[in-house]
Amino acid sequence: MAPAPANSPDAANMDAAIALAEGIPYIRSEPHRVAPFPLVLNESVQRYVDAFVEHNEGIRESFRRSRLYLPAMLKVMESHDLPPELVYLSFAESSFSSKGAGPWQLSVATARRFDLRVNRYIDERRDPIKSTHAAARYLSALHDEVGDWRVALVGWNRGETAMNDYFSLRGVDYNLLTSHLPYNTRSLLDRFMAVAIIADQPERYGLERVNYTEPDKFRVIKVAGGTRLSTVARRTGISLSVMRDYNPAILHDRIPPGPSYDLRLPLQESADARDVIAPLIF
C-alpha cells in the first residue's frame, strides 16, 4: 500500500480535502443539525498533511491507540451538540496518549472544574471517555463566549482571557486569523485540521482504516476500593494488560480507595468469564 504523493496531492486528494473542508453537516436526529468545524486546507495545513503521510508511523500508532475509544468519544461530542471533527483535537494535543495528562492534555485545574478526579490514586484526564466529557463541556463554554470555533480553540490553547485579544477576528479568513497567532497556537490548529482531513479518508493517504470498537462493547462492574488489579484479573480471566488498556485512569496496581469503583472491561471477554460481580463487591 503506497502512500499518495505527499508533495503534490493529485486532484482526487485535493477534491476530497476541499469537500471535507467545506463540511458535510453532521446529523444527530432530524431535523437537528450540528454545523461542521470550518476546516481549511491551506499551505500550512498541507505541510502537516504531507509530514504525517511521509512519516506515518506516529499517526498510525495514534489511530491504533484510539481504537477502543473513538466511537464512544464521537457519541460524547454528539451528546453535547459539538462538531464531531473536534475529537481529533486530542490527536493534535497528545497523539492520543493515555499517559501523563491524557489525550486532551487538560490542566489539573480545568479537569477538576469539569468534575474529573485527579489525585494520587486516579487521574481521569487519562480516561479517553471521561476526559472527552470534560473537554466537550469546556469547548462548549469557550464557544459560548465567542461564537466562533476557531477563536474558541485559541482560548483552549491560550486560556479564556486570551480570547479577548482575538475577539475581533471572529469569522475572518483563516490565514488572517493565524497571521496574528503565536506559533504554538497556529501549529495546534494546523495539526488538528490535518489529522481531521486524513482521518476522513485514510486510504487516500496510504493508511488503513481502523477497525474501531463500538462504544457498546464495554462492560462495567463495580469493584471494592483497594482491591488489587491482579485479584480482578484472576477472577475475571482478563489479563492485567487488557484491564489497564480499558482503565488508563488507574495509577497503581489497586482499585482507588472508596466504597466501590466502576471498572470497564471488554464485553466479549468478560461475558465469557464466570460471573464475578458479587464476589468483587465486599
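Biologist: Where does Gln105 sit in this predicted model?

Modeller: Gln105 is in the loop between H5 and helix H6, which spans 108-113.

Biologist: Why does Gln105 count as partly exposed?

Modeller: Its relative accessibility is 37%. Buried means under 20% and exposed means over 50%, with partly exposed in between. Gln105 therefore counts as partly exposed.

Biologist: What makes the phi of Gln105 worth a look?

Modeller: Gln105 has a positive phi of about 55°, although it is not a glycine. Most residues other than glycine have a negative phi.

Biologist: Which loop holds Asp81, and what is its phi?

Modeller: Asp81 lies in the loop between H4 and helix H5 (89-94). Asp81 is not a glycine either, and its phi is positive, about 55°.

Biologist: How do you know that Asp81 is partly exposed?

Modeller: The relative accessible area of Asp81 is 33%.

Biologist: Let's turn to the helices. Why are H4 and H7 called roughly parallel?

Modeller: Helix H4 (residues 70-79) and helix H7 (residues 128-146) pack at an angle of about 25°, and their axes are 9 Å apart. Angles under 35 degrees count as roughly parallel, and therefore H4 and H7 do too. H4 passes H7 in a right-handed crossing.

Biologist: Which residues make that contact?

Modeller: On H4 they are Ala72, Met73, Val76 and Met77, while H7 brings Pro128, Ile129, Thr132, His133 and Ala136. Sorted by type, the residues of the contact of H4 with H7 are seven nonpolar, two polar and no charged.

Biologist: What makes helix H8 mostly covered?

Modeller: H8 covers residues 149-158, and eight of its 10 residues are buried. These are Trp149, Arg150, Val151, Ala152, Leu153, Val154, Gly155 and Trp156.

Biologist: What do the buried residues of H8 pack against?

Modeller: They pack against H5, H7, helix H9 (174-179) and H10.

Biologist: Asn157 belongs to helix H8 as well. Why is Asn157 called partly exposed?

Modeller: Asn157 has 31% relative accessibility. Buried would need under 20%, and exposed would need over 50%. Asn157 therefore counts as partly exposed.

Biologist: Which residues does Asn157 touch, leaving out those up to four places away in sequence?

Modeller: Asn157 touches Asn184, Thr185 and Leu188.

Biologist: Which residues have the most contacts inside the largest nonpolar core?

Modeller: They are Tyr88, Trp156, Phe192 and Leu263, in a core of 79 residues. Helix H10 (residues 183-200) gives the largest share of this core, 10 residues. In soluble globular proteins, nonpolar side chains tend to be buried together.

Biologist: Finally, the whole chain. How many helices and strands does the protein have?

Modeller: There are 14 helices and four strands. Of the 282 residues, 50% are buried.

Biologist: Of the contacts between residues at least 6 apart in sequence, what share joins residues at least 24 apart?

Modeller: That share is 68%.

Methods:
Residues numbered from 1 in each chain as written. Predicted model: local features only at pLDDT ≥ 70, side-chain atom pairs only at ≥ 80, totals over all residues. Heavy atoms only, no water. Axes fitted to C-alpha atoms, helices over the stretch in contact; angles between N-to-C directions. Helix = DSSP H or I, 4+ residues; strand = E, 2+ residues; numbered from the N terminus. Parallel < 35°, antiparallel > 145°, perpendicular 65-115°, else oblique. Left-handed = near helix turned anticlockwise from the far one by under 90°. Contact = heavy atoms within 4.5 Å. Nonpolar A, V, L, I, M, F, W, Y, C, P; charged D, E, K, R; others polar. Buried < 20%, exposed > 50% of the residue type's maximum accessible area, 1.4 Å probe, protein only. Core = buried A, V, L, I, M, F, W, Y, C linked by side-chain atoms within 4.5 Å.
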